Amino acid sequence: MHRRFDWPAHLVLLLGVGLFAFPVWLVFAGATQDPGAINRGDLSLIPDFSHLGIFLSVLLHGYGKNESQPVWHMLMISAGMALVIAIGKIVISVLSAYAVVFFRFPFRMTAFWTIFITLMLPVEVRIIPTYAVMADFRLINTFAGLTVPLLASATATLLFRQVYLAIPDELIEAARMDGAGPIRFLIDMLIPVSAANMAALFVILFVYGWNQYLWPLLVAADPRLDTIVIGIVQLVSGGHTLTPWNTMMAMAVLAILPPVVVVVAMQRWFVKGLTEVEK
Amino acid sequence: MASLELRGLTKSFGPLTVLHGVDLTLADGEMVVIVGASGCGKSTLLRLVAGLEQPSAGAVVLDGRDITQLDPAARDIAMVFQNYALYPHMSVFENMAYGLRIRRLPKAEIRNRVDHAAALLGIEGLLDRKPRALSGGQRQRVAMGRAIVREPKLFLFDEPLSNLDAKLRVQMRAEIRRLQRRLGVTSLYVTHDQVEAMTLGDRLVVMHEGRPVQVARPTEVFSRPADTYVAGFIGAPSMNFLPARLAQAGRAAALEVGPVIEFADAPRPGPEGRLLIIGIRPEHVTLLPAAEAARGLSLAVDLVEPLGSETLLHGRLPGGAALTVQLPGMVPVGDAVAVALPAASLHVFDAESGRRLDPAPATPPAWADAGEVAVRPE
Amino acid sequence: MERRTIFGGWLLPVAFVLPQLFVTIFFFLLPAGKAIYSSFTQTDAFGLHTRFIGLANFINLFADAGYRASFGRTAVFCALVTLLAMALALLLAVFADHEIRGRAIYRTLLIWPYAVAPAVSAVLWMFMMHPEVGILGRLLNRIGIPWNYSLNGIQALGLVIVAGAWTQVSYNFVFFLAGLQSIPASVIEAAHMDGARGFRRFRTIVMPLLMPTTFFLLIVNLVYAAFETFGTIMALTRGGPGEATETLVVKVYRDGVINLDLAGSSAQSVILMLIVIGLTAVQFRFLGRRTLS
């Protein structure tokens with residue numbers, strides 16, 4: 001290499017990497033150590049690999065108290081919620097964007113703007129009345145309640161609408177002359193053509209679903225519906241004098257791992273998709 | 001293979017009428033080119049035939065069957081689009097096969113037809129590629145292949161060459177013509193490029209403001225343009241137009257710039273002094289030697305464009321009218337030249353309607369004594 | 001805005017928009033409408049009679065010093081979270097845009113934290129900053145700085161700000177990096193030829209070209225800080241000690257879900273709605289043309 005070693009860049013980036021990696025490393029190392037030692041403040045930054053079994057034990061048994069679900073169950077609820085929300089939002093948004101862009105029907109623009117409005121009504125601004133509506137629908141403490149009300153997505157609908165609007169008219173006309181009707185066109189053309197957008201959106205929505213906190217807190221008090229995020233926060237902000245620290249730390253690692261794997265594995269689509277979705 | 005008949009085809013978008021009742025008949029195997037400036041309605045006409053849009057009035061009849069109400073896919077028509085409209089996520093083979101698969105043709109038959117068309121177009125080696133891995137010319141061939149495999153009764157071409165560079169366009173133009181002759185499929189071809197129109201069509205339809213202003217063989221459109229619009233549109237550089245009046249009882253035109261030119265053929269009808277427009281193509285204007293300058297028009301040259309095989313002069317006649325002259329070869333020219341307008345090369349148009357004014361027929365009907373009427377005091 | 005080519009029929013498209021419309025109407029519009037309705041009414045203790053009381057709920061709300069304090073606290077919190085998260089992300093993005101060895105790895109290592117839930121990042125920070133157990137919390141106490149965020153309100157607010165910002169850096173990093181990479185190399189080269197280098201080039205050439213991205217991120221970060229940090233705060237301090245970390249959203253939750261003050265919390269919801277609508281409107285006014293054109 002002819003270039004000089006760019007040490008300021010490496011220094012800044014390494015510090016940045018450390019800022020994010022350190023807490024996770026700390027928690028991972030802590031999980032493998034003796035809870036008594038952690039309590040005394042003797043937390044070592046070198047993991048004790050002979051204690052990796054803690055992860056298995058947390059997975060299978062939770063944190064020991066009777067009301068706790070095993071962590072694998074929380075992970076299943078989280079994964080279920082993330083998958084249903086991600087796939088559901090994509091399907092629902094593809095269908096409505098397709099309808100709005102490729103058809104003319106009564107109240108088409110009214111429907112579009114109604115969907116658009118959801119952008120301005122995040123869960124946080126309608127905490128109280130939402131609970132009442134959920135109770136009316138008997139959705140409190142149900143898996144459907146955890147997911148279905150979150151399936152509307154103005155962002156995804158706007159994205160697909162933009163993607164569809166950018167498809168040249170002639171492509172549609174060619175498909176029509178080839179004999180493709182509306183459904184065939186959707187399946188044979190639109191979905192394959194926008195597959196990359198869907199992959200990007202999947203990553204974003206999977207993380208969104210996995211990371212939900214306020215919504216499950218509101219509508220699912222039943223411990224059998226605890227997600228891993230709810231589980232760990234309850235444990236940490238509740239009685240953490242009773243639970244061994246290494247158990248909590250192991251749980252935190254398990255809460256972070258799945259969405260991180262999804263983001264890193266699909267990084268290429270994610271980075272491109274994120275900047276497209278939000279603009 | 002079939003004949004196509006358009007009957008009073010009209011299309012309005014709200015208050016705006018873009019097609020005013022077009023009648024046109026294509027014989028079996030004929031290639032007709034619709035040519036016109038953008039916005040003349042030529043693309044709309046093609047889309048009505050394709051069934052991509054519904055006419056406001058009129059009918060499309062293919063092979064004796066009224067298909068006006070049919071879905072595009074049910075019409076047995078294939079279309080080649082301007083930007084090719086290849087399906088970006090499908091391979092070349094899948095692009096060509098898609099329409100056949102929807103029609104549920106047997107796999108072997110699809111394979112056969114695609115291979116045959118690919119061989120015809122010289123794209124056998126590209127069947128597994130995606131469109132983005134193809135050059136412009138190759139995409140064009142795939143788009144043609146997609147139309148050919150359908151074995152339709154009618155081909156529609158919507159400016160298929162306009163996205164290619166100049167050299168490739170010439171090559172593909174010839175190829176399309178050869179292919180169409182060989183397959184013998186009736187074809188309707190839309191373009192704004194008059195060279196394409198002249199070279200490709202058995203007949204031309206020159207469209208202007210939603211109406212076909214002339215339907216004729218290319219040579220006839222060139223040599224006997226039906227009106228000033230066609231005359232100006234076909235031929236490059238464009239025909240020169242000079243205002244004039246009918247003189248000498250219809251036997252001559254008195255140009256506003258001075259000279260009175262006697263018609264080479266026969267007298268034109270109409271009253272003495274009738275307003276005319278005289279057209280002459282730049283290549284028909286002749287340069288006079290200095291000695292004969294007196295009997296010609298003097299042209300003040302303001303631009304000389306040597307093109308190699310010919311030279312273009314742009315200049316102004318006395319009075320300010322512009323005139324373009326095309327001379328063969330490389331010609332050294334001064335600032336002012338004398339030019340002549342040979343009577344045999346003049347096109348005569350009525351100034352008011354813009355229509356071509358032909359000599360009176362041998363047995364003159366109604367206007368036989370028009371000249372006398374005109375001289376009657378009023 | 002509109003396509004030229006469309007398909008006929010209206011049954012299919014109507015069936016296709018219905019699922020999303022259903023969710024929107026019942027789980028978004030209906031609750032929002034109810035919130036607006038109850039913010040203008042008062043229900044007696046037995047829940048039998050409801051009467052319209054105009055703006056009284058809102059007047060009471062702003063008469064309450066606690067609510068006003070929460071408003072101010074939220075403003076400070078949002079401003080600092082946004083500033084911290086954006087500044088750090090910009091710094092990292094500028095260096096990650098350098099042509100250095102291993103930059104793909106650096107990028108991955110700076111992007112993954114996007115996946116960490118705000119609530120879970122708070123848990124990580126708790127493990128670090130806990131006064132007795134946390135490695136940094138203990139260190140502070142040992143070197144003579146009394147550190148206990150569950151007693152000291154300022155420390156608590158500082159901690160939730162840092163934890164809140166930490167979670168958002170990756171998101172900003174992705175956008176800043178994309179923004180930097182979209183600046184044509186020729187522009188930078190031209191600046192080079194003009195003799196602008198180092199920080200001057202950054203300030204006079206790069207930063208102005210990055211303004212749209214920066215403005216977009218500003219709005220997104222403000223919305224994030226105001227709303228999505230709920231989990232961060234609940235996990236670390238539950239709004240305490242006292243009201244030291246009680247932002248507007250935490251207060252709505254405390255007043256509505258825990259103290260069951262329907263009228264008051266509805267009025268608070270309506271205020272929050274106005275804030276989101278305002279921020280969204282600003283965002284679309286300046287940036288949304290592309291989205292809606």
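Colleague: Is the crossing of helix 4 of chain A and helix 11 of chain A left-handed or right-handed?
Modeller: The crossing of helix 4 and helix 11 of chain A is right-handed (a crossing is right-handed if the near helix is turned clockwise from the far one by less than a right angle, left-handed if anticlockwise). This is a predicted model, in which local features need pLDDT of at least 70 and side-chain atom pairs count only at pLDDT 80 or more, while totals for chains, interfaces and linings use all residues. Residues are numbered from 1 along each chain as its sequence is written, with chains lettered from A and ligands numbered from 1 in the order in which they are written.

Colleague: At what angle do the axes of helix 4 and helix 11 of chain A cross?
Modeller: The axes of helix 4 (residues 71-102) and helix 11 (residues 195-210) of chain A cross at roughly 140° and come within 8 Å. Axes are lines fitted to C-alpha atoms, for helices over the stretch in contact, and angles run from 0 to 180 degrees between N-to-C directions. Helices (H or I, at least four residues) and strands (E, at least two) are DSSP runs, numbered from the N terminus.

Colleague: And which residues of helix 4 of chain A make the contact?
Modeller: Helix 4 of chain A contributes S78(A), M81(A), A82(A), I85(A), A86(A), K89(A) and I90(A); among the residues of helix 11 of chain A are F202(A), F206(A) and W210(A). Contact requires C-beta atoms, placed from the backbone, within 7 Å. By class, the contact of helix 4 with helix 11 of chain A has twelve nonpolar, two polar and one charged. Ala, Val, Leu, Ile, Met, Phe, Trp, Tyr, Cys and Pro count as nonpolar, Asp, Glu, Lys and Arg as charged, and the others, Gly among them, as polar.

Colleague: Over to chain C: how are helix 7 and helix 10 of chain C oriented to each other?
Modeller: The axes of helix 7 (residues 153-181) and helix 10 (residues 211-228) of chain C cross at roughly 160°, so the two helices of chain C are roughly antiparallel (angles over 145 degrees count as roughly antiparallel, under 35 as roughly parallel, 65 to 115 as roughly perpendicular and the rest as oblique). Residues of helix 7 of chain C that meet helix 10 of chain C include G164(C), F175(C) and G179(C). The residues of this contact of helix 7 with helix 10 of chain C are five nonpolar, six polar and no charged.

Colleague: Which chains have the most contacts?
Modeller: Of the two pairs of chains that touch, chains A and C have the most contacts. That contact involves 85 residues of chain A and 78 residues of chain C. Helix 1 (residues 7-31) of chain A gives the most to the side of chain A that touches chain C, with 13 residues. That side of chain A has 62 nonpolar, 16 polar and seven charged residues.

Colleague: How far apart are the nearest C-alpha atoms of chain B and chain C?
Modeller: The nearest C-alpha atoms of chain B and chain C are 8 Å apart, and the two chains do not touch.

Colleague: What is the strand order in the open sheet of chain B?
Modeller: The five strands of chain B run in the order 15-19-16-17-18, with antiparallel pairing. Strands pair if DSSP finds at least two bridges between them. Strand 15 (286-288) and strand 18 (322-328) of chain B each have a single partner strand, so one side of each is left without a neighbour in the sheet.

Colleague: How many bridges join strand 16 to strand 19 of chain B?
Modeller: Four bridges join strand 16 (residues 297-306) to strand 19 (residues 336-340) of chain B. L297(B) stands opposite V339(B) in strand 19 of chain B.
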